[in-house]
Amino acid sequence: MKHVRIHLVVNGEDYSLFITPNRVLLDVLREDLELTGTKEGCGLGKCGACTVLLDGRPVHACLTLALQADGCQITTIEGIGEKEVHPLQEAFIDKGAIQCGFCTPGMINTAKALLDANANPSEDEIKQAIAGNLCRCTGYNKIVDAIHSCGCQSEKEKGEVR
Amino acid sequence: MSQLDIVGKSFPQIAAREKATGETKFVTDLVLPRMLCGQVLRSPYPHAKIISIDTAKAAALPGVKAVVTFQDTPKIKFGPRSEDWTIFASDKTRFHGDEVAAVAAVDADIAEQALELIRVEYKELPYIISPLDAMKQGAPLVHEDKPGNIGAEFKVEAGDVDRAMDDSYVVYEDHFYTNQVYQAYMEPMSALADVDLSGRVSIWTGTQIPNMMRMTYAKALGMSPDNLRIVVPEYGGAFGGKMENNIHLIAAVLAQKSGRPVKLVNTRHDDFLAGNPRVPMHFDIKIGATQDGILTAKDVKVVGAAGARLVYSQVIVATACYRVDSLYRLKNVRAKGYTVYTNSVPTACFRGFGNSQSTFVLESALDELAIQLKIDPAELRIKNGMGSNETSVHGWKIGSSGLRECVTKASKAANWSQKKNNKTPFKGIGLACCNHVSGNRPFAREFDGGSGIVRVGKDGRITVFHGESDMGQGQNTTFAQIVAERLGVTMDMVNVAQVDTDISPFGLGSFATRGTLMGGNGVLAAAKDAYDQMADIAADMLNTKAADVACRKAMFFSKSSSETKISFQDIASEATIRHHGAPIVGTGFYKPPTELPDPDTKKGNISPAYPFGCQIAEVEVDPDTGQVSVTNFVAAHDVGRAINPMATVGQIQGGIAQGLGWTLMENMAYEDGKMINADFVDYIVPSCFDIPDIKAILVEPIEPNGPYGAKGIGEPALNPTMAAITNAIYDATGVRIKELPVNPQKLLAQIQKLGKHVKE
Ligand code: FES
Ligand code: FES
């Protein structure tokens, strides 16, 4: 297969890559860039473990050709918290929303896109957003809770979430 | 007990930060120089004779470094319990997904192409999927040397069942079926194998039982166990599913043949086809009670499908036969269990280990008795429930039991009485209880306890070594809390080492809800040993006796005169200097007061502690579609003491989510002997919309045998979920669910057949 050149900006860093056009973004991130924080849970767009942000939108990296991302800004879990950990990451840690942690990178990326678009989502909006992200460990309660606690609602409301 | 600083507090997992930032290296993330990609060729047929395998073309493909079949293995029969395994199929394949050949290549594309170049000539054979059919005369044999496809039989009897049944005021009798479901851990099974110059094999894999696996695999590879090393990095969930599996051995054989490291990661499809899902079971149950609701006798027959080889299904069927007998004060019980070979994927452990299947059946039957007797189902459980310091019909010594408290607290929180009596069409509430173990004496015959090593370096940094397995449930954090509490230090000083069979103690592993109690007591004993060594030095430096020394918040002091304090770090440093560089190393073990069950009567005491629980589900049934949604859930669990309440609640919520999926959504379906929904497109597990708010209540009776009073929680979290939901469906519709999962069309048809809604 003929190789093609693509340019990606991943977590703010420029990459120029020479790849075969059939390769998915997930493999390029994990293998070529060694950013293994992005996970593969199904390879079919059905678990959300591979979710990354493409120009701010959550996409399944397992279904996105690296070629499609040519010239785009990509954020992976490694780039979510600029210097410190992101408040979402902090919330996931503190609220017990992480058990095995395999779903966590995708879950946090999806949540990040939601909060960027809607700073104070309702519980239902949170569920809408993460409905495609499977977690087999937690039963989701604590994940919804963690995301909810990051919305900029008043302290009083925060206390009322579960 | 003196005041606790660390135990009983909710700490985030010690690895949470790495997990949240993507820093954690899971098994599938590991890379070694010159590593190859392994892939497996699997049988497309449920049962087929292998006429020939031609691997020449695959081997000749540039980039392919090894192609292996049965011929490349030591051809030794092995297995964790019953030696009916081979690493690859030899003369015939026994299930759709059976391992036929494998390749290792420089990348995944080439490996995939190579698989396509392997020519296998098969002759299809008649197959059998249902265990009931498999037992029939003339059924095709999965293993020629196993007549009637019987893999194992189990029998237990105590008291006089027939007489007690005759004397009963009511008797309920029925057939139930629990289906085959998949663990669906988010990280598929995977292994990285490497061979050194001496031929020593290392396997990095997510496994619940590193040490026992090593013994089984050493036999399979024809080597002595000391030539095999198992390392357990962080891994993405297991729920019972990650024990022995051929893919680990295939990675090892590929590494041996290629002389290079080989990583083999199941595709999700392969993980469905050839993982080790839950044992499907048929139950015939008969159960009696007196007029005032005292249970008199229970009689069950269990037929479980082993699939094509025995993994742990025979032990799971045995568990389904009798573990649940210690939930209530039963006196007369009888059970017969058959574990039957079928041409389907080998089945094994999944959270609940047979007790979840039988709890569904028993708790459904109890609901029927409650209806016949017009007794409140909660009251029926309270009447019969096992209490503290009682001995069950099989000799199990119940230390602490919070069962009744679980029922009353769950009922109160769920507003049970009011909701039960206030009938709303197509809305219902249901309740179910469970018992379980914290360790299982007969699972490994030599011993059943736990052990640990606690190392304190010159800098005061503490490293805990254990041989169990943190599959994501948070075991390492629990162990760190126990050790920090015992040493009197802060959590940030404690590190938990990755399990490595070259270094770690020989732990039995994480199953049977044993981690917290067995492993926890093991590391507690090791921490005590380390503490005592440090206290001697502290006493010397504080000019007092060791008995007068205490340590809190990482400061040693004399209890009699608390003026001078010396930091934990200073003591550690002094100890290392006095010992010319040797660190403090505490070792210890826990020997539980259990008894191996008698082979005939099965009387014994299989666990040092028994957790209990009660769950209440509320459902709504759509009258047009039969779709069931769970709208509210309350779960009260006797956990002895929650070492980490947040983690404990997380276990409960996660267990219920899995139980809900099993009850309402999940089923591994077969057509023409092949699994037809072997991916997340067609096999749907719960998403956040399927799971209601789950209110978890921790009942803490403080278990005398537990570390700081703790029992386990992993499996009880799911055991009662199925019956809680189906009992609620009965309450909503009058339909008794006897087969999992609930099928909306069938439910609708039964509702219509009933003619009118019982609650109207
Ligand atoms: S791996 Fe991409 S959605 Fe599952
Ligand atoms: S934490 Fe394990 S899958 Fe979500």
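Colleague: What makes β3(B) and strand β5 of chain B a pair?

Modeller: In this predicted model, β3(B) and β5(B), residues 99–105, share five bridges in the antiparallel sense. A pair needs at least two bridges, so five bridges qualify β3(B) and β5(B) as paired.

Colleague: Why is β3 of chain B called an edge strand?

Modeller: The sheet is open, with eight strands in the order β3-β5-β1-β12-β9-β10-β11-β20 of chain B. β3(B), residues 64–69, pairs on one side only, and so does β20(B), residues 499–500. These two are therefore the edge strands.

Colleague: What is the pairing in that sheet called?

Modeller: Mixed, across the eight strands of chain B.

Colleague: How do you know that helix α7 of chain B packs on the sheet?

Modeller: By its contacts. Helix α7(B), residues 246–258, touches β1, β3, β5, β9, β10 and β12 of chain B. A contact requires C-beta atoms within 7 Å. The direction of α7(B) makes about 30° with that of β9(B), residues 190–195.

Colleague: Which strands does helix α3 of chain B lie across, and at what angle to β1(B)?

Modeller: Helix α3(B), residues 108–117, lies across β1, β3 and β5 of chain B. The angle to β1(B), residues 36–42, is about 25°.

Colleague: What makes chains A and B neighbours in terms of residue contacts?

Modeller: 41 residues of chain A are in contact with 41 residues of chain B. On the chain A side, the elements giving two or more residues are α2 (87–94), α3 (104–117), α4 (123–130) and α5 (141–150) of chain A. The largest share, four residues, comes from α2(A).

Colleague: How does the side of chain A that touches chain B divide by residue type?

Modeller: Into 20 nonpolar, 14 polar and seven charged residues.

Colleague: What makes up the contact between domain 1 and domain 2 of chain A?

Modeller: Domain 1 of chain A supplies 15 residues and domain 2 of chain A supplies 13. On the domain 1 side, β3 (51–54) and β4 (57–60) of chain A are the elements that give two or more residues. β3(A) gives the most, with three residues. That side divides into seven nonpolar, six polar and two charged residues.

Conventions
Residues numbered from 1 in each chain as written. Chains lettered and ligands numbered in written order. Predicted model: local features only at pLDDT ≥ 70, side-chain atom pairs only at ≥ 80, totals over all residues. Contact = placed C-beta atoms within 7 Å. Axes fitted to C-alpha atoms, helices over the stretch in contact; angles between N-to-C directions. Nonpolar A, V, L, I, M, F, W, Y, C, P; charged D, E, K, R; others polar.
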